Amino acid sequence: MTEAPDSPLGSDAARVYEGAGETTEPTRRSLSGADQAGTKRGSHSVKAWRSLLLVAAFIACVPFTASADDVVVAQINGVDIKQSDLDFAASEVGAQLANFPPEDRRRMLLQFVIENELMAEAAVKAGLDSGQSFEDRLKYHRRRTLRDAYFDKSVRNAVPDEEAKKIYEAKVAGMKPEEEIHARHILVATEAEAKEVQERLKKGEDFATVAKEKSKDPSAEGGDLGFFSRGQMLKPFEDAAFALKEGEISDPVQTQFGWHIIKVEEKRTRPLPTFDQVKDTIISQLTAQKAKQTIKELHDAAKIDIVDPEIKKSMQDAAVRGEAQPEDAPEPAGNVEDNH
């Protein structure tokens, strides 16, 4: 069974934040046309009215645990690199590392900080640490640092665990444990081949050995598909698999990919996810929602005059087209069942 790298939910929590995804396994469902269209839309540029400040706020939503002690994690040419440097880097590039395991995140953050330090040293040697361009850059990054500090104080720290717990309890209240099965399969091109495989297995030949010899599905080692629940596989395959008893071997089953012989290794009831399994994901969504609300309040209270005529016209055109402003964007925490 294939899972996204370092899913914060794990397989048991998928029902709270379940989303379809493409896979190399031929038995698993591919994206629907609507999902594919949504994926394409998601790759387009951010709409003209959408605040870049809001996008920057979302970057800081990925949770990284700061160390209690600001320990030294590396040295570069005698300069200490501390845990706080990694924490600051996480607020800048953390969203790009969300799908990596925690130990890989720290390593990649350190690599980012090391490259940053090496290029900063090179800039000093090149005399780039003075002049108007450097001063203007410092002003920009000072404002960015102040934004980060305000975000931490008024957004990130304003989302309590209790609020996430309420969402969790509301979502799991109507959920029931689902049956899931651990199955293997062998995929061949013709029904005749499938019947041959079926006979060999019924005579006691090892499933993994026959799968290695005959199966056209390279993604399932030894034919092993791991555990899955209803709705994850192609329907003919799923119907046949769930109808089997433990240890039973199916008759040939046809799908668009060919003919399958299925064996069910185990059946179990998948428990509901715990709050700890999904807490970080819920808090990240609530933080994004809080960021949007905070920016809207600041935006409404500010006097903003767009001086550049081209940008002003572009924003006016976007408004005529009905493109969403930040306050009109979808609520991230309002549809948690469709997020993974």
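Helix α6 passes helix α10 in a right-handed crossing, a crossing being right-handed if the near helix is turned clockwise from the far one by less than a right angle, and left-handed if anticlockwise. This is a predicted model, in which local features need pLDDT of at least 70 and side-chain atom pairs count only at pLDDT 80 or more, while totals for chains, interfaces and linings use all residues. Residues are numbered from 1 along each chain as its sequence is written, and side-chain values use heavy atoms, with hydrogens and water left out. Helices (H or I, at least four residues) and strands (E, at least two) are DSSP runs, numbered from the N terminus.

Two packed helices are described by the angle between their axes and the distance between the axes. For α6 (residues 161–173) and α10 (residues 275–301), the axes come within 9 Å and cross at roughly 110°. Axes here are lines fitted to C-alpha atoms, for helices over the stretch in contact, and angles run from 0 to 180 degrees between N-to-C directions. On the α6 side, the contact (heavy atoms within 4.5 Å) is made by Asp161, Glu163, Ala164, Lys165, Ile167 and Tyr168. Phe275, Val278, Lys279, Ile282, Ile283 and Leu286 make it on the α10 side. By class, these residues are eight nonpolar, no polar and four charged. Ala, Val, Leu, Ile, Met, Phe, Trp, Tyr, Cys and Pro count as nonpolar, Asp, Glu, Lys and Arg as charged, and the others, Gly among them, as polar.

From α7, Glu193, Glu196, Val197, Arg200 and Leu201 meet Phe207, Val210, Glu213 and Lys214 of α8. This contact has four nonpolar, no polar and five charged residues.

The sheet comes next. Strands of a sheet pair through backbone hydrogen bonds, either parallel or antiparallel. Here four strands form an open sheet in the order β4-β3-β6-β5, with antiparallel pairing; two strands pair if DSSP finds at least two bridges between them. β4 (224–229) and β5 (253–255) are the edge strands, each pairing on one side only. From one strand to the next, the twist averages 45°. Strands β3 (residues 178–188) and β6 (residues 258–270) run antiparallel and are joined by 11 bridges. His185 has Ile262 in β6 as its bridge partner. Helix α7 packs on this sheet, where it touches β3 and β6, and its direction makes about 50° with that of β6.

Elsewhere, β1 (residues 72–76) and β2 (residues 79–82) pair in the antiparallel sense over four bridges. Ile76 stands opposite Val79 in β2. The hairpin has two residues between its strands. Asn77 lies in that loop between β1 and β2 and has a positive phi of about 50° although it is not a glycine. Asn77 is exposed, with a relative accessible area of 62%.

Glu238, in helix α9 (residues 235–243), is buried, with a relative accessible area of 10%. Buried means under 20% relative accessible area, exposed over 50% and partly exposed in between (1.4 Å probe, protein chains only). Not counting residues up to four places away in sequence, Glu238 touches Ser229, Arg230, Gly231, Gln232 and Met233.
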